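Here's a quick tour to read with the model open in your viewer.

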Amino acid sequence: MGDSGGQRDAGGRGPQALSDKAAPAYSGTNTHEAGVDEPDIVKTDGRRIVTVLGETLRVIDAASRQATGSLHLGPGSHQLLLQGDRALVLTAGWGLPAGWDLPAARGLADSARMRPGMSATRVRQVDLTGAPKVTGSYEIGAELTDSRMVGGVVRVVVTSHPLIEFPWRDKLTDSERIAANRKLIDQAPLEKWLPAYTSDGVAGRLDCGDVSRPDRFSGTATVTVLSFDLAAGRALGDGAPVGVLADANTVYGSGPHLYLAHDERWRGDQALGRTELYMFDVTGPRPVFAASGSVPGWLLNQYSLSEHDGVLRAATTTGQPWGSQPSSESTVYTLRRDGGQLRQLGKLGGLGKGERIYAVRFLGPAGYVVTFRQTDPLYAVDLRDPARPRLTGELKIPGFSSYLHPLDGGRLLGVGQDATEQGRTTGLQVSLFDVGGSDPKRLDQQKIAHGWSEAEHDPHAFLYWPDTRMLVVPYMAYDGGQRAGALVYRVGSDRLEKIGEVSRAELSYPRRSLVVGDTLWVVGDTVAVATPLAAPGPALARVLL
């Protein structure tokens with residue numbers, strides 16, 4: 001998982017000593033694709049546990065179960081990635097708040113003509129070999145979209161918008177206003193369009209020659225992909241920025257490729273109902289814009305996309321899933337790169353008519369799609385022939401799963417909401433499915449009345465440890481009072497057995513869980529709790545955050 005911190009020596013064991021020990025077995029961040037790491041608020045390398053909660057980054061020595069340091073990060077929303085003894089901290093903020101009032105940040109504000117309320121992204125490299133310290137800082141006048149890391153190389157995706165102000169002209173007609181606005185656009189210099197950045201105080205700007213344009217207009221934003229090599233052990237540099245004139249709100253990394261997606265449901269008063277797709281080749285040190293395409297409908301999240309054997313699969317919903325007469329349905333598309341285009345190979349439509357997608361998981365040549373309005377159809381899709389996807393089975397049950405996790409033996413775990421036959425949700429449910437046969441089957445189910453889990457919408461909060469077949473799901477429930485904790489189950493061949501719980505008495509609402517050696521750690525907003533992996537529940541140690 002990840003790392004960072006500021007030092008506080010604990011019992012003679014400081015951060016330097018951590019580098020000299022072999023790490024025990026540990027769980028990493030729950031990610032979409034193996035080998036493609038994703039940023040999160042908690043990371044570990046088996047030696048350190050690092051949290052980024054509030055405005056502070058903290059480090060815990062996993063062996064001694066003691067805090068070893070902290071580093072104040074300032075305002076903003078923080079995430080991190082870890083490679084060896086280096087962490088990359090990603091901070092999303094609005095404008096340049098007081099905590100960012102550095103010479104480099106002020107230079108960025110001047111060069112970008114940033115205004116209050118504008119989005120900005122800050123990237124900091126932190127050295128963890130001694131007292132944690134910032135060894136590189138990069139700021140860019142753009143919104144943080146997401147990032148991925150493969151082999152120590154981090155790709156950070158940011159989105160910026162042109163800095164053009166259009167004054168309102170009361171005395172002009174609509175056609176005259178449009179003409180005046182077009183003139184402002186035509187006269188706007190490049191610095192109005194391309195984001196500015198500073199790297200360790202040195203100012204720069206995305207170069208026009210590094211910006212690509214898709215064949216079809218896709219908005220006025222610029223999506224920029226930055227690259228930072230944590231494994232190389234050098235300064236951040238200029239981020240080697242590469243851009244495309246488009247917008248993006250979803251990032252998916254397959255390993256060799258980075259896909260950016262933007263669903264355009266409306267443009268002005270015109271309903272478009274399509275998702276634009278942009279493919280980058282990231283096998284080299286610098287991303288290369290490779291292809292673009294589109295599919296009808298909109299994505300749920302990054303799990304709606306998957307690449308297998310050079311084919312991109314995309315699951316989308318079209319139409320209106322609400323009201324008394326819903327018109328929606330969902331479709332699985334397959335696409336392959338043809339020159340600079342992502343061209344459709346095949347599709348399977350008609351899924352969940354009158355409903356929308358709540359969860360998707362593609363596993364090799366198979367796909368599983370959950371839709372919901374009153375009942376939860378779990379569809380199994382055969383994608384072995386990408387030109388002819390076919391439906392192989394479905395399961396209709398009350399409620400829905402909003403996250404699906406693969407297990408061995410043709411099984412899936414689902415986390416979501418139970419519901420009545422009329423579609424009214426009643427609380428958290430954890431389900432075990434058999435998807436190895438023609439029709440999916442639910443083997444077992446656990447319910448928490450009036451409950452919900454962060455894992456329903458953020459898979460990083462979900463933990464499955466295959467070595468001991470242990471499942472950990474954080475939850476909160478309201479039923480006359482407030483309950484919260486982390487539920488621990490043993491996953492059998494056909495059942496879910498509750499084996500423990502780290503309760504609210506031990507910590508506030510849990511955010512993440514991880515395994516280090518023979519210890520299960522559950523991290524809340526204000527405390528991290530260590531409990532025995534073999535018998536989860538009682539605390540071995542509590543570390544204040």
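Strand S9 (residues 143–150) and strand S10 pair in the antiparallel sense, with 7 bridges between them. Keep in mind that this is a predicted model. The protein chain has 3 helices and 40 strands, and buried residues make up 56% of its 545 residues. Of the contacts between residues at least 6 apart in sequence, 52% join residues at least 24 apart.

**Around strand S10**

- S9 and S10 make a hairpin, with 2 residues between them. Look at Gly 151 in the turn, which has a positive phi of about 60 degrees.
- How many of the 8 residues of S10 are buried? The count is 7 for this strand (residues 153–160), so S10 is largely enclosed by the rest of the structure.

**The open sheet S37 to S40**

- This open sheet has 4 strands in the order S37-S38-S39-S40, with antiparallel pairing.
- Which strands stand at the edges? They are S37 (510–516) and S40 (541–544); each has a single partner strand, so one side of each is left without a neighbour in the sheet.
- On average, neighbouring strands of this sheet are turned by 20 degrees against each other, ignoring direction.
- S37 and strand S38 (residues 519–524) run antiparallel and are joined by 6 bridges. Leu 514 sits opposite Trp 521 in S38.

**Aromatic pairs around Tyr 358**

- The count of aromatic pairs comes to 10. In one of them, Tyr 358 and Phe 372, the ring centres are 5.4 Å apart and the planes stand at 85 degrees, so the pair is edge-to-face.
- Tyr 358 is in strand S24 (residues 356–363) and Phe 372 is in strand S25 (residues 366–372), so this pair ties together parts that are 14 residues apart in sequence.
- Phe 400 counts as buried at 7% relative accessibility.
- Tyr 358 has a charged residue over its face as well: Arg 356 lies there, 3.9 Å from the ring centre.

**Other rings to click on**

- Tyr 138, Tyr 197 and Phe 228 form one aromatic cluster.
- The charged end of Arg 177 sits over the ring of Trp 168, at 4.1 Å from its centre.

**Thr 316 and its surroundings**

- Thr 316 belongs to strand S21 (residues 311–318), and with 0% relative accessibility it counts as buried.
- What does the side chain of Thr 316 reach at 2.7 Å? That would be the backbone oxygen of Pro 296.
- Leaving aside neighbours within four places in sequence, Thr 316 is in contact with a run of residues that includes Val 295, Pro 296, Gly 297, Trp 298 and Leu 299. Its contacts also include Glu 329, Ser 330, Thr 331, Tyr 333 and Ile 357.

**Positive phi outside glycine**

- Asp 309 has a phi near 55 degrees, a positive value in a residue other than glycine. You'll find Asp 309 in the loop between strand S20 (305–308) and S21, and it is exposed, with a relative accessible area of 65%.
- His 450 is another non-glycine residue with a positive phi, near 60 degrees. His 450 lies in the loop between strand S31 (441–449) and strand S32 (451–452), and at 48% relative accessibility it counts as partly exposed.

Definitions and conventions
Residues are numbered from 1 along each chain as its sequence is written. This is a predicted model: local features need pLDDT of at least 70, side-chain atom pairs count only at pLDDT 80 or more; totals for chains, interfaces and linings use all residues. Side-chain values use heavy atoms; hydrogens and water are left out. Rings of Phe, Tyr and Trp (its six-membered ring) pair if their centres lie within 6.5 Å; planes under 30 degrees apart count as stacked, over 60 as edge-to-face and the rest as tilted. Buried means under 20% relative accessible area, exposed over 50%, partly exposed in between (1.4 Å probe, protein chains only). A charge sits over a ring if NZ of Lys or CZ of Arg is within 6 Å of the ring centre and within 35 degrees of the ring normal. Two strands pair if DSSP finds at least two bridges between them. Axes are lines fitted to C-alpha atoms, for helices over the stretch in contact, and angles run from 0 to 180 degrees between N-to-C directions. A polar contact is a pair of N or O atoms within 3.5 Å; within protein, one must be able to donate a hydrogen and the other to accept it, and residues adjacent in sequence count only if both atoms are side-chain atoms. Contact means heavy atoms within 4.5 Å.
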